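Here is my note on this structure, point by point. Please read it with the model open beside you.

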Amino acid sequence: MWPGSLAVKDIPEGATPRLPVTWPGLPILLDSPGYDPVIDGQTVTIRVPFPDKTVIENASFDGVTAALRVDTNVHAPVFCVTNVFDVASGDLSLPGKVNQL
């Protein structure tokens, strides 16, 4: 992987990372669809349930719109970003902070 690149992180065999309750069971750090983001002007709100909200208290994020190519083999890599259209911060600096409600 190249510095500053986008990727979906694999979960190594035997690893036990903390995952949201809606995780679909694939060996990648990916949550399942079904969320209804609320878009209000320049703010996007997405609620992701965690059994213990302290596991994400230092998380940060950025907003990215991109084209993805999806492979049918979950280890090959599953997703490849084929084009980045926009990055909310302008530089993928992950300025967003989690607002724990």
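1. Start with the surface. The protein chain exposes about 8000 Å². Carbon and sulfur atoms supply 55% of that area. Accessible areas here come from the Shrake-Rupley method with a 1.4 Å probe, and for residues only the protein chains shown count as cover.

2. A word on the source. This is a predicted model, in which local features need pLDDT of at least 70 and side-chain atom pairs count only at pLDDT 80 or more, while totals for chains, interfaces and linings use all residues. Residues are numbered from 1 along each chain as its sequence is written, and side-chain values use heavy atoms, with hydrogens and water left out.

3. Next, the fold. The protein chain has six strands and zero helices. Its pattern along the sequence reads β-β-β-β-β-β. Both terms refer to DSSP runs, numbered from the N terminus: helices are H or I with at least four residues, strands are E with at least two.

4. How much of the chain is buried? Buried residues make up 9% of the 101 residues. The classes are set by relative accessible area: buried is under 20%, exposed is over 50%, and partly exposed is in between (1.4 Å probe, protein chains only).

5. Now contacts, meaning heavy atoms within 4.5 Å. Take those in the protein chain between residues at least 6 apart in sequence. Of these, 43% join residues at least 24 apart.

6. Val64, Leu68, Val70, Val81 and Val84 make a patch of about 380 Å². Two elements give two or more residues to the patch: β4 (64-70) and β5 (79-87). The largest share, three residues, comes from β4. Patches are made of residues with over 30% relative accessible area and no salt bridge; nonpolar side chains (Val, Leu, Ile, Met, Phe, Trp, Tyr) are joined within 5 Å, and like charges within 9 Å.

7. Pick out one member of that patch. Val70 sits in strand β4. Why does Val70 count as exposed? Because its relative accessibility is 57%.

8. Asp62 deserves a careful look. Asp62 lies in the loop between β3 (60-61) and β4. Asp62 is buried, yet has no salt bridge. A salt bridge needs a side-chain nitrogen of Lys or Arg within 4 Å of a carboxyl oxygen of Asp or Glu. The nearest side chain of opposite charge is Lys97, 10 Å away. For charge, Lys and Arg count as positive and Asp and Glu as negative; His and the chain ends are not counted.

9. Leaving aside neighbours within four places in sequence, Asp62 is in contact with residues including Val87, Leu92 and Pro95.

10. Leu92 is in the loop between β5 and β6 (96-97). Leu94 is found in the loop between β5 and β6. Phi of Leu92 is near 55°, a positive value in a residue other than glycine. Phi of Leu94 is near 55°. Leu92 is partly exposed, with a relative accessible area of 25%. Leu94 counts as partly exposed at 38%.

11. Last, Val55. Val55 is in the loop between β2 (43-45) and β3. Val55 is partly exposed, at 26% relative accessible area. Val55 and Arg18 are 37 residues apart in sequence, but 7.4 Å apart in space, C-alpha to C-alpha. Beyond neighbours within four places in sequence, Val55 is in contact with Arg18 and Phe50.
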